[in-house]
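Let's take a walk through a protein model together.

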Amino acid sequence: MGRHLIRTFTDDWIVSLIDLTPQVRKVSALLRTGRATKAQRLIPTERAYPLPRTLEDVVSPGR
């Protein structure tokens, strides 16, 4: 990876960093104690990233 791309990545593409350690530890503790439903509520809902159709065909052919 070239220096220019690394700089673009760090300066332009990354908009924030969040430490999720406390939340992950809480989820882990809930799972260990059999409270999966409560743990699930702490995990964000996964959403598909919208892709242009042409790119979707390249990334996931035959989908």
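**Starting with a salt bridge**

Find R53 and E56: their side chains meet in a salt bridge, with 3.3 Å from N to O. By salt bridge we mean a side-chain nitrogen of Lys or Arg within 4 Å of a carboxyl oxygen of Asp or Glu. Before going on, keep in mind that this is a predicted model, where local features need pLDDT of at least 70, side-chain atom pairs count only at pLDDT 80 or more, and totals for chains, interfaces and linings use all residues. Residues are numbered from 1 along each chain as its sequence is written, and side-chain values use heavy atoms, with hydrogens and water left out.

Why are R53 and E56 separated by about one helical turn? Because they sit three residues apart in helix α4, which covers residues 53-59. Through shared partners, the salt bridges join R53, E56 and D57 into one network. A search of the whole structure finds two salt bridges.

How open are these residues? R53 is exposed, at 54% relative accessible area, while E56 is partly exposed at 22% and D57 is partly exposed at 40%. Here buried means under 20% relative accessible area, exposed means over 50%, and partly exposed is in between, using a 1.4 Å probe and protein chains only.

Now step back to the whole chain. It has four helices and zero strands, in the order α-α-α-α along the sequence. The chain's radius of gyration is 18 Å, well over the 11 Å that the globule rule gives for 63 residues, so the chain is more spread out than a compact globule. (That radius is taken over C-alpha atoms, and the rule is 2.2 Å times the number of residues to the power 0.38.) Along the principal axes, the C-alpha atoms fill a box of roughly 45 × 35 × 15 Å. Of the 63 residues, 6% count as buried.

One last stop: R35, in the loop between α2 (21-32) and α3 (36-41). R35 counts as partly exposed, with 42% relative accessibility.

Notes
Helices (H or I, at least four residues) and strands (E, at least two) are DSSP runs, numbered from the N terminus.
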